[in-house]
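Here are some notes for a colleague who is meeting this structure for the first time. Please read them with the model open alongside.

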Amino acid sequence: MGIHNNNHPRTTNEIVREQHCPLLHNSKKDEKIEVEIQQNDDDRSICNNNNGSSSASFTGSVFNLSTTIIGAGIMALPAAMKVLGLTIGIASIIFFALLSHTSLDILMRFSRVAKAQSYGDIMGCAFGSVGRLVFQISVLVNNFGILVVYSIIIGDVLSGTTSSGSHHFGVLEGWFGEHWSTGRTFVLLVTTLVVFTPLGFFKRIDSLRYTSGLAVALAIVFLVITAGITFVKLFNGSIESPRLLPNITDMTSIWNLFTAVPVLVTAFVCHYNVHTIDNELGDSSLIQPVICASLVLCSGIYILTALFGFLLFGEATLGDVLANFDTDLGIPYSNVLNDIVRISYALHLMLVFPVIFFSLRFNLDDLFFPSAKSLEFDKFRFSLITTGLIFLLYVAANFVPSIWDVFQFTGATATVCLGFIFPAAIALRDPQSIATKKDKILSIVMIVLAVFANVVAIYSNADALFRKHQSKSN
């Protein structure tokens, strides 16, 4: 079986884990187990000597987990604020941050007792091989979809996009004009070769701590510029007073409130990477402070981004606030600030890419090569999977125009399962009999919210697609 801890092969801790979750492993003869324990413990000792200090730092772990959390969804938060109003919007961000902390706490607490070193392990412990398989497929769908969407957004920002018969110029097109060298295919090819491929070949997620730190810094750059523009326009008196509560006039407006739920539910999902970060920490007791620090940091960035984005654009706030930076902001140097905002966001997504890719690669390997040795120690398999995935992502982002619509459905569903439904189901199944009454009540709440968010997301996406195709036919 592939182990989620990419640093070490199978060890004595995992043998002990069989006593708690026998469904995770195939039965073996006692003699073979004894030999495997001795052999692989020796291998781990050699590995540690070769790597020197292999423990990840607290700061690097916070940056990696925060980078997993902050993705393209941050640009939809100002629109969610427009729907809910400032008061309910900010309260909702805080509520879902706390709920995400609860689901992460359940996930890690049950993993500790089961001695599970990966999300897939604890799913296998609770639901057997079927549970593990469902989890792996969910990660593949979620992460592949996220990375394709990131690539598409990067292409849109740098090379422009055409929608409803009108072309929105990208940053490079605005600078150098429309040429083959500023086209989406070439720009994404350069991005793939220069950024995605080198970062994708790192074998430890802790190796990405500096790029993750830069990714968080770029998100803060976007926030600072947006706040600065907002303060300038406030000083000029050109910003209207924002709504504190939602605007409810009829049943349609009430239903519209629920369209913000999927954005908020998926805002803090990082569960598929938390075990990997935990495994690389020298002291596993630090994972809870890492989770808390990451959630606090991301909550602050989310609240301020949603607040200033909504203040700046008001009722004109678009579903992707980045699209609002395609017009004149009504202040000096508007075009320069627009370009800085869009470039910083594109760079942010480029640096988020390898962190999401890390989990995608591991779970693909674990699905197809469950009995092979750790991916880190098989250079050929590691290179083959990494190269193949990067190639498929490039092709999907360039040549499969309908893939965005597909992942509007599958991505939202898989993300909600990973963040809330699976951890809640583990607590309700309670394979180690450690769940408290509070755990089970909160798990039921999480499942209800997650299912509701899925239904709303699917309905909203289906309705949007229906309206789009109807308008084309007319």
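1. Ile248, Met251, Ile254, Trp255, Phe258, Phe452 and Tyr459 together make a nonpolar surface patch of about 660 Å²; such patches are made of residues with over 30% relative accessible area and no salt bridge, nonpolar side chains (Val, Leu, Ile, Met, Phe, Trp, Tyr) being joined within 5 Å. A salt bridge here is a side-chain nitrogen of Lys or Arg within 4 Å of a carboxyl oxygen of Asp or Glu, and accessible areas come from the Shrake-Rupley method with a 1.4 Å probe.

2. This is a predicted model, in which local features need pLDDT of at least 70 and side-chain atom pairs count only at pLDDT 80 or more. Residues are numbered from 1 along each chain, and side-chain values use heavy atoms, leaving out hydrogens and water.

3. The largest share of the patch, 3 residues, comes from α10, while α10 (251-257) and α17 (437-473) each supply at least two; helices are DSSP runs (H or I, at least four residues) numbered from the N terminus.

4. The search finds 9 aromatic pairs in the whole structure, where ring centres must lie within 6.5 Å and planes under 30 degrees apart count as stacked. The rings of Phe196 and Phe353 are stacked, because their centres are 3.7 Å apart and their planes at 10 degrees. Phe196 lies in α8 and Phe353 in α14, so this pair ties together parts that are 157 residues apart in sequence.

5. Phe353 also stacks with Phe357, at 6.1 Å centre to centre and 15 degrees between the planes, and Phe196, Phe353 and Phe357 form one aromatic cluster. Phe357 is buried at 0% relative accessibility, buried meaning under 20%.

Definitions and conventions. Patches are made of residues with over 30% relative accessible area and no salt bridge: like charges are joined within 9 Å, nonpolar side chains (Val, Leu, Ile, Met, Phe, Trp, Tyr) within 5 Å. Rings of Phe, Tyr and Trp (its six-membered ring) pair if their centres lie within 6.5 Å; planes under 30 degrees apart count as stacked, over 60 as edge-to-face and the rest as tilted. Buried means under 20% relative accessible area, exposed over 50%, partly exposed in between (1.4 Å probe, protein chains only).
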